[in-house]
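Reader: I would like to learn how to read aromatic ring contacts in a model. Please take me through them.

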Amino acid sequence: TTTGINAVTNGDKYYGYLTRFWTTTNKAPDEIYQTGLSEVKRIRGIMDSVKNAVGFKEDLNAFFNYMRTDQRFMPYKTAKEVLDATQAILTRIEPNVKKMFTLVPKSKFEIRQTEAFRAASASAEYIPGTADGSRPGIYYIPIVDATKYNITGGMESTFLHEAIPGHHFQVSLQQENKLLPKFRRYGWYGAYGEGWALYCESLGKELGVYTDPYQYMGALGDEIHRAIRLVVDVAMHTGKMTREDAVKYMMDNEAISEEGAIAEIERYMAIPGQALSYKIGALKIRELRDKYAKELGNKFSIAAYHDEFLKDGCTQLEITEKKMDTWAERLKQR
């Protein structure tokens with residue numbers, strides 16, 4: 001009968017603990033909520049500018065519906081065409097990946113269609129390879145009906161997140177690092193790991209994708225989805241929103257069906273705080289990148305920044321920041 005964890009005894013204190021647990025920071029829930037509101041507003045502004053640039057005259061929700069339903073955004077006839085288009089994303093980004101990363105995994109990487117028995121309920125996902133190289137890292141794409149596969153659903157951004165340079169680079173490099181104890185080689189902190197993958201989505205233009213405005217809208221849709229989580233997760237668990245308020249807020253601000261919004265909102269109700277980790281992590285990684293670029297000037301290298309961030313594997317964001325500050329100080333003194 002209630003929406004948030006604040007309804008149980010000591011629920012407010014427990015939610016404060018969960019925000020620290022999932023974000024690995026000391027950010028208070030209200031600070032996270034305000035960040036979410038600000039990010040939703042910022043991303044909607046960019047979406048509006050893209051909508052206007054392509055000459056669409058109606059409002060954003062009408063534009064979302066147009067992209068979701070118009071046949072021009074479903075150009076494929078076979079699963080092979082979808083897989084080939086995904087392989088083409090990798091081909092396009094590879095030259096720029098080499099400029100932005102010098103530390104790369106030894107693990108092999110493959111793109112595969114999700115098996116038919118689980119495709120209907122699956123999302124695009126990355127399954128890590130083995131540390132000994134006996135199995136590659138695999139990016140699985142569920143294709144139930146290729147003729148309904150929509151390219152504006154974040155096709156490029158999802159690849160950057162789940163595959164390269166997102167989860168494949170981060171997880172593989174961590175597993176391969178034998179200098180780490182095993183609990184670190186196979187450990188996980190969502191704010192670091194999912195934060196990294198979401199940050200990788202923001203690299204699209206630098207990596208040579210998001211050149212098509214509709215694909216870029218798909219990427220912005222993925223980004224605003226994570227920003228919305230900051231708003232609704234905190235709001236539901238601190239008494240600012242009911243379940244129904246949260247479903248409406250999500251549907252008002254992104255291209256999602258009611259069924260999809262309900263599934264998302266009930267996930268956040270059931271696992272308080274977990275959904276905060278993605279955007280908080282990505283914002284911290286971008287904040288540190290911008291800070292060091294400003295402080296170091298011509299001593300700053302984006303490849304060196306990425307390599308240093310990844311080389312020691314998943315840690316809490318506060319520990320990661322201290323490590324990165326030490327790295328920047330060393331560079332300043334050279």
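Reader: How many aromatic pairs does the count come to?

Author: A pair of aromatic rings is described by the distance of the centres and the angle of the planes. Rings of Phe, Tyr and Trp (its six-membered ring) pair if their centres lie within 6.5 Å; planes under 30 degrees apart count as stacked, over 60 as edge-to-face and the rest as tilted. By this rule there are 22 aromatic pairs. One of them is the edge-to-face pair of Tyr-66 and Phe-73, at 5.4 Å centre to centre with 80° between the planes. This is a predicted model: local features need pLDDT of at least 70, side-chain atom pairs count only at pLDDT 80 or more, and totals for chains, interfaces and linings use all residues. Residues are numbered from 1 along each chain as its sequence is written, and side-chain values use heavy atoms, with hydrogens and water left out.

Reader: Is Phe-73 buried or exposed?

Author: Buried means under 20% relative accessible area, exposed over 50%, partly exposed in between (1.4 Å probe, protein chains only). Phe-73 has 2%, so the residue is buried. Phe-73 also forms a tilted pair with Tyr-214, 4.8 Å centre to centre and 50° between the planes.

Reader: Where does a charged end sit over the ring of Tyr-216?

Author: A charge sits over a ring if NZ of Lys or CZ of Arg is within 6 Å of the ring centre and within 35 degrees of the ring normal. For Tyr-216, the charged end of Lys-205 is 4.0 Å from the ring centre.
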